[in-house]
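This report describes selected features of one protein chain. The sequence and structure follow.

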Amino acid sequence: MARDYYGILGVSKDASEAEIKKAYRKLARKYHPDVNPSDEAASKFSEATDAHDVLMDPKKRKIVDMGGDPMEQGGGAGGGGGFGGAGGFGDIFEAFFGGAGGGSRGPRSRVQPGNDALLRTSITLNQAYTGMKKQVTVDTAVLCDRCTGSGSADGEKPVTCEVCNGAGEIQEMQRSFLGNVMTTRACHNCQGFGEVIKDPCNHCGGDGRVKKRRDLTINIPKGIDDGMRIRMASQGEVGHGGGPAGDLYVEVRVKEHDIFTRDADTLHLSITVPMVDAALGTTCNVEGLDGEAIEFEIAAGTQPGGQIVKEGKGMPRVRTDGQGKMIAHVDVAVPTDLDKKTRQLLEEVRDKREESSRVNSEADGHSDGLFSRLRGRFGF
C-alpha cells in the first residue's frame with residue numbers, strides 16, 4: 001500500500017514547497033539522531049526525510065497524488081531491463097534463496113514515471129546561424145484519453161489480487177539437489193502490482209497509455225552546433241498507469257555547407273585570387289549565412305596562404321551575446337595558359353623587377369620557417 005507522505009509531514013495535499021520544507025525542519029529538529037538517539041526517533045526521521053524528498057520532486061509528487069508510491073521497488077523509470085529490473089540478478093538470487101538477497105519486494109506501484117525519448121533532426125548551417133522554429137513528429141506513449149490513465153473502462157478502482165492477496169509476489173516450495181528451496185516470484189495474475197483491474201480499458205488494455213503520433217514545435221537557438229541536444233520537459237513517454245511523462249531530447253545534426261567550414265564559433269572559407277589581383281590588391285564579396293554581403297579586402301602583395309580575419313562575422317554563441325570570427329584563406333591562382341600578349345606584358349614586368357629565383361636558407365633570413373616546418377614534419 002502506498003504511504004501517506006502528506007500525513008507523515010502533517011501537511012495538506014495542496015501544501016506549497018515552503019510549507020513542506022517548514023514541516024520537515026520541524027520534524028528534523030525533533031527526531032534528528034543528534035537530538036534524539038532512540039530507535040523510534042531514527043525511524044521517524046528517516047520516514048520524514050523520505051516524505052520530504054518525494055514531495056519536493058514534482059514527478060514523484062504526481063505519482064503520490066495519483067495513488068502510487070514512487071519509493072516502492074519497481075516504481076522507477078523504465079520499469080526494468082537492467083540488473084535491478086524484472087529478470088535481473090536480484091530475481092535470480094531470490095529464485096534460489098527465497099528473497100535472501102534483499103528481502104521481499106512487495107507490490108510494485110501501478111503508477112510509474114515514464115521514460116525519456118530521443119529524436120534526431122537535421123538543419124542547414126544557415127538555419128543554425130539564424131536559429132529557427134521547427135516542427136517535428138514524434139511517436140511516444142501518451143495518456144489514454146478514454147480512461148485518463150486509470151486503465152479502467154468504467155473508472156473503477158483496482159481490486160486486491162486474489163492470487164497473492166495484494167503482496168505482488170508468490171512463494172513456492174521447489175525440490176532441488178540442495179533440498180527444499182523456497183522461491184519468490186512476481187505474481188503472474190497481477191504482474192507484481194498486488195491489485196487487478198477488473199474492467200480494463202479496451203483502448204489501452206489497462207496500461208493507462210497508448211502510442212500516438214503527434215507534432216511538436218521546437219525552438220532551435222541560433223548558434224547551435226552539430227550534435228547538441230535540446231531538452232523538452234515532460235514531452236517524452238507517459239509512464240505506466242498514467243504516470244508523469246519523461247523528457248524529450250532532440251538531437252540536432254547540422255549539414256555541411258558548400259562554402260563555409262565551421263570550427264566552434266569560427267567560420268572558415270577559401271578565396272582564390274588571380275596573381276595580378278594578389279599583387280595589386282582587390283576586393284571580394286562573399287554572401288554570409290544571413291544572406292548579406294561581406295566584403296574582404298585583398299591587400300596589395302597578398303601571398304599564397306594568407307589569411308583575412310573578420311571579427312564578429314562568425315557563428316553566434318549559443319544563448320550568449322557575441323559572435324565568433326570569419327577567416328578567409330587566400331589561394332593565389334597562377335595562370336598556365338598565357339596568350340602571346342599577356343606573356344609579353346609579364347616579361348616586361350619581370351625585366352623591370354630585376355628579380356630571379358633563389359634557394360632559401362635560414363642564414364639569409366628568407367626561409368620563412370620552411371626548414372623548421374620540414375624538420376617537424378619528417379622528424380629530422
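Buried here denotes under 20% relative accessible area, exposed over 50%, and partly exposed in between, computed with a 1.4 Å probe on protein chains only. The model is predicted, and local features require pLDDT of at least 70, side-chain atom pairs count only at pLDDT 80 or more, and totals for chains, interfaces and linings use all residues. Residues are numbered from 1 along each chain as its sequence is written, and side-chain values use heavy atoms, with hydrogens and water left out.

**The sheet**

Three strands form an open sheet of mixed pairing in the order 1-9-8. Helices (H or I, at least four residues) and strands (E, at least two) are DSSP runs numbered from the N terminus, and two strands pair if DSSP finds at least two bridges between them. Strand 1 (117–123) and strand 8 (229–232) stand at the edges with a single partner strand each, so one side of each has no neighbour in the sheet. From one strand to the next, the twist averages 25 degrees; axes are lines fitted to C-alpha atoms, for helices over the stretch in contact, and angles between N-to-C directions run from 0 to 180 degrees. The two pairings are set out below.

| Pair | Sense | Bridges | A bridge partner pair |
|---|---|---|---|
| Strand 1 and strand 9 (residues 248–254) | parallel | seven | R120 and E251 |
| Strand 8 and strand 9 | antiparallel | four | I230 and V250 |

**A buried threonine**

T266 lies in strand 11 (residues 266–274). T266 is buried, with a relative accessible area of 11%. Apart from neighbours within four places in sequence, T266 is in contact (heavy atoms within 4.5 Å) with T261, K325 and I327.

**The largest pocket**

The largest pocket holds about 860 Å³ of space. A pocket is an open set of points on a 1 Å grid over the protein atoms alone, with protein on both sides within 12 Å along at least five of seven lines; its lining residues have an atom within 4 Å of a point. Of the 21 lining residues, M275, A279, L346, V349 and R353 are the closest to the centre of the pocket. Helix 7 (275–280) and helix 8 (340–353) are the elements that give two or more residues to the lining, and helix 8 supplies the largest share, eight residues. By class, the lining has twelve nonpolar, four polar and five charged residues.

Note on methods. 1 Å grid on protein atoms, 1.4 Å probe; cavity = no way out; pocket = protein on both sides within 12 Å on 5 of 7 lines; lining within 4 Å. Points joined across faces, edges and corners; volume = space filled by probe spheres on them. Nonpolar A, V, L, I, M, F, W, Y, C, P; charged D, E, K, R; others polar.
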